[in-house]
Amino acid sequence: MIKLTSLRLSRDAMALAVVSLMIASAWLVWQPWDHAVPATPSTPVPWVANQAVYAAQAYPPGKLGEIVRLGETLVNETNEHPLTKPFIGNALKCTSCHLDGGRHEQAGSFIGVAAAYPAYSPREQRVITLEDRILNCFIRSQNGTRPANGSEVPVAIAAYITWLSQGTPLKMNPEKPLGPNHMTLLSDPPQPASIERGESLYLDRCADCHSEDGLGTEEGPPVWGEESFNDGAGLAGVPKLASWLKVAMPLDDTDLSDQEAFDVAAFMNSHSRPKFHPN
């Protein structure tokens, strides 16, 4: 009898607990929103170079979305598109250096770049805007002429870069015009860069895409000569080119050592390229 009574009391206690929980839950559900505990705002997270993530990001609606799409197209078709072709002096596209249309997280990434501008530029010795930086690429990396400031071309490319920079905290750069995902320069290699070693590596690892004469193929752009970037471009310096090669090449198989990257860069930049003429 005692055991049965205890069991009955335990069941009654359990039932009471369940009813109490249901009442409490109902009370919480029906509380007015202004009594709810405020949610902690989430911190914007910069985008990463993940195609699945990008595919889920919607373009802006209306005219802004059209301009963002145009900027993306110009980045990928710079030397061929009717709007940009008149300003290009070689066979390069923006995406020749800014891989994946600037979506690569290391090789010339556009991700977060807009958040760094206006920025001080040691090369220009003045504060520049994102649009200024884009226009400089036309006269240096693309060995061409500068589209008009405020014209459709730089505005569209700037809109595209800004779209890729959504969620990045604003942090103007007082030292250099570099975004948060900028390429890190390699330290000096163990041995001085060797043109001879670089030539052997180039013929083995690079020539299939860029040709033995460096003038490019359908698969890869020219890396020296009249159709490549001029000597005023950033990649005309061996340390910067080596640092880019380290994270970008061979495409989808980046396994060069620091020494190898410097050697290939020295070989590539031992060849002639156009002279930079400010305009």
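1. A residue counts as buried when its relative accessible area is under 20%. By that criterion, buried residues account for 42% of the 279 residues in this protein. The model under discussion is a predicted one.

2. The protein has ten helices and two strands. Along the sequence, these elements follow the order α-α-α-α-β-β-α-α-α-α-α-α. Among contacts with a separation of 6 or more, 65% are between residues 24 or more positions apart.

3. Two helix pairs deserve attention. Two packed helices are described by the angle between their axes and the distance between the axes. Helix H3 (residues 62–76) packs with helix H6 (residues 152–164) at an angle of about 100°, and their axes are 7 Å apart. H3 is therefore roughly perpendicular to H6. On the H3 side, the residues in contact include Ile 67, Leu 70, Gly 71 and Leu 74; on the H6 side, they include Val 153, Ala 156, Tyr 160 and Trp 163. By class, twelve residues of this contact are nonpolar, one is polar and two are charged.

4. The second pair is helix H9 (residues 238–248) with helix H10 (residues 258–268), which pack at an angle of about 125° with their axes 8 Å apart. H9 is therefore oblique to H10. The crossing of H9 and H10 is right-handed. Val 238, Pro 239, Leu 241, Ala 242, Leu 245 and Lys 246 of H9 meet residues of H10, among them Asp 258, Phe 262, Val 264 and Met 268. The contact of H9 with H10 has eleven nonpolar, no polar and two charged residues.

5. Which residues of H9 are buried? They are Leu 241, Ala 242, Ser 243, Trp 244, Leu 245, Val 247 and Ala 248. The buried residues of H9 pack against H10 and also against helix H4 (94–97).

6. The loop between H6 and helix H7 (195–205) contains Leu 178, and Asp 188 is in that loop as well. Leu 178 is partly exposed, with a relative accessible area of 30%. Leaving aside residues up to four places away in sequence, Leu 178 touches Ala 116 and Asn 173. The C-alpha atoms of Leu 178 and Ala 119 are separated by 8.0 Å, although the two residues are 59 residues apart along the chain. Asp 188 is exposed, with a relative accessible area of 72%. From C-alpha to C-alpha, Asp 188 and Phe 262 are 8.5 Å apart in space, while in sequence they are 74 residues apart.

7. Two cis peptide bonds should be noted by the reader. One joins Tyr 117 and Pro 118, with omega about -5°; Pro 118 is in the loop between H4 and strand S1 (119–121). Another runs from Met 249 to Pro 250, with omega near -15°, and Pro 250 lies in the loop between H9 and H10.

8. Gln 125, in the loop between S1 and strand S2 (126–128), has a positive phi of about 55° although it is not a glycine. Ser 211, in the loop between helix H8 (207–210) and H9, likewise has a positive phi, near 75°. Is each of these residues buried or exposed? Gln 125 is exposed, with a relative accessible area of 64%, whereas Ser 211 is buried, at 13%.

Notes:
Residues numbered from 1 in each chain as written. Predicted model: local features only at pLDDT ≥ 70, side-chain atom pairs only at ≥ 80, totals over all residues. Heavy atoms only, no water. Axes fitted to C-alpha atoms, helices over the stretch in contact; angles between N-to-C directions. Helix = DSSP H or I, 4+ residues; strand = E, 2+ residues; numbered from the N terminus. Parallel < 35°, antiparallel > 145°, perpendicular 65-115°, else oblique. Contact = heavy atoms within 4.5 Å. Nonpolar A, V, L, I, M, F, W, Y, C, P; charged D, E, K, R; others polar. Buried < 20%, exposed > 50% of the residue type's maximum accessible area, 1.4 Å probe, protein only. Left-handed = near helix turned anticlockwise from the far one by under 90°.
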